[in-house]
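This report goes through selected features of one structure, moving from charged pairs to a sheet and then to single residues. Please keep the sequence and the 3D view at hand while reading.

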Amino acid sequence: MRAIVYNPRARADLDFADVAEPQPAANEALIEVRAIGLNFGEIHWVDFARQPGEIPGWDSAGVVLQAAADGSGPPPGTRVVGFGPAAGWAQRRAVATQNLATLPDRVDFEEAAAVPVAGVTALQALRALGPIVGRRVLITGASGGVGRFAVQIAARAGAHVIAAVGSRARGAGLTELGADEVVVGLAEVDQPVFGVLDNVGGELLDEAFRLVGEGGSVQSIGMASGRPTTIDFEAHRRLGVHKRIEPFTVRLPLRDDLNHLLTLLERGDLDPQIGLRDSWDTIADAAEALLGRRVAGKAVLTVS
């Protein structure tokens with residue numbers, strides 16, 4: 001079958017190859033993939049995470065070809081979206097049924113493929129902050145896939161949402177999604193916040209942690225800046241403010257969270273914010289656009 005593979009000699013380190021068919025485990029369904037979602041992290045770190053010839057890809061949507069042998073998943077012909085740690089960017093993939101959700105009729109494959117990693121990350125990270133109704137929540141890297149989901153979900157939950165972006169142009173549309181404030185950098189944020197979802201890392205993470213007030217926290221989600229973070233905890237200790245910072249990791253299984261997000265999509269209460277929609281034949285272009293910050297929100301590709 002045809003698949004996108006890691007090739008360090010190819011443009012954007014990604015190329016097409018003929019690969020072996022997946023062999024599902026008993027708890028996995030075999031999926032005919034119709035659309036794939038791209039995530040900044042899996043492209044940016046592909047040379048660390050994959051060996052040459054391996055298939056990247058976390059997010060796929062498609063149709064069940066073969067149900068899981070243990071009877072745990074949907075029957076053949078069911079439209080689904082799922083997550084796996086790899087091998088999602090292929091014509092067919094095997095997905096554990098605990099990370100697979102059935103698509104509502106009004107949600108298409110491309111919309112669904114935008115959801116798993118970015119949408120579930122935003123949902124779980126906001127939960128980790130604790131109750132946010134009426135509280136100030138700062139989201140850095142708010143123009144990206146996770147950020148745009150987080151702005152919407154936090155606003156629906158009743159938070160005062162501060163969306164931090166790298167430029168005014170990158171902040172376009174965030175007010176309409178529910179952001180109460182859109183700021184470039186953090187210099188304009190002069191009041192404490194209850195919680196932070198940080199997608200950038202580097203110096204910005206240190207700045208964001210300084211803004212957290214009593215009892216608040218930071219969820220460190222990503223490192224889009226590519227820069228390490230140094231935090232002077234002694235300086236924070238002298239402030240006498242009790243707060244915490246945590247490295248965020250998506251918690252499995254994803255099925256229940258996927259079902260919740262898909263319901264919101266079907267009702268029109270959540271927008272997947274697809275900033276790039278194209279054929280998977282354009283994978284190198286799409287990867288470069290995502291890494292170059294030329295995509296507002298999610299990039300999804302149709303599989304042919």
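## A salt bridge between R11 and E288

R11 and E288 form a salt bridge, with their closest N and O atoms 3.0 Å apart; the term stands for a side-chain nitrogen of Lys or Arg within 4 Å of a carboxyl oxygen of Asp or Glu. The two residues are 277 residues apart and link distant parts of the chain: R11 is in the loop between β1 (2–6) and β2 (14–18), and E288 is in helix α10 (residues 283–291). Helices (H or I, at least four residues) and strands (E, at least two) are DSSP runs numbered from the N terminus.

R11 counts as partly exposed because its relative accessibility is 45%, and E288 is also partly exposed, at 30%. Here buried means under 20% relative accessible area, exposed means over 50%, and partly exposed lies in between (1.4 Å probe, protein chains only).

## Basis of the model

This is a predicted model, in which local features need pLDDT of at least 70 and side-chain atom pairs count only at pLDDT 80 or more, while totals for chains, interfaces and linings use all residues. Residues are numbered from 1 along each chain as its sequence is written, and side-chain values use heavy atoms, with hydrogens and water left out.

## Other salt bridges

The structure holds 16 salt bridges. One of them joins R92 to E21, with the closest N and O atoms 2.6 Å apart. This pair also links distant parts of the chain, 71 residues apart: R92 is in strand β6 (residues 92–96), and E21 is in the loop between β2 and β3 (28–38). R92 is partly exposed at 21% relative accessibility, and E21 is partly exposed at 36%.

E234 and R237 meet through their side chains in a salt bridge of 3.0 Å, N to O. They are separated by about one helical turn because they are 3 residues apart in helix α8 (residues 233–239). E234 is partly exposed, with a relative accessible area of 39%, whereas R237 counts as exposed at 55%. Salt bridges with shared partners also join R11, D285 and E288 into one network.

## The parallel sheet

An open sheet is formed by 6 strands in the order β10-β9-β8-β11-β12-β13, with parallel pairing. Its edge strands, β10 (181–184) and β13 (244–247), each pair on one side only. The twist averages 15° from one strand to the next. Two strands pair if DSSP finds at least two bridges between them.

Strands β8 (residues 136–140) and β11 (residues 193–198) run parallel and are joined by 3 bridges. L138 has V196 in β11 as its bridge partner. Helix α4 packs on the sheet and touches β8, β11, β12 (212–220) and β13, its direction making about 150° with that of β11. Helix α5 (residues 145–156) packs on the sheet as well, touching β8, β9 and β11, and its direction makes about 165° with that of β9. Axes are lines fitted to C-alpha atoms, for helices over the stretch in contact, and angles run from 0 to 180 degrees between N-to-C directions. Contact means heavy atoms within 4.5 Å.

β8 and β9 pair in the parallel sense over 5 bridges, and R136 stands opposite H160 in β9. Of the 6 residues of β9, 5 are buried, so the strand is largely enclosed by the rest of the structure.

L129 lies in helix α4 (residues 116–129) and is buried, at 3% relative accessibility. Leaving out residues up to four places away in sequence, L129 touches V137, F194, G195, V196, L197, S217 and Q219. The C-alpha atoms of L129 and V218 are separated by 7.4 Å, although these residues are 89 residues apart along the chain.

Q124 is also in helix α4 and is buried, at 6% relative accessibility. Its side chain makes a polar contact of 2.9 Å with the side chain of D257. A polar contact is a pair of N or O atoms within 3.5 Å; within protein, one must be able to donate a hydrogen and the other to accept it, and residues adjacent in sequence count only if both atoms are side-chain atoms.

## R170, a buried charge

R170 is in the loop between β9 (160–165) and α6 (174–177). R170 is buried yet has no salt bridge, and the nearest side chain of opposite charge, D198, is 13 Å away. Lys and Arg count as positive and Asp and Glu as negative; His and the chain ends are not counted. The side chain of R170 reaches the backbone oxygen of R293 at 2.9 Å and that of V295 at 3.0 Å.
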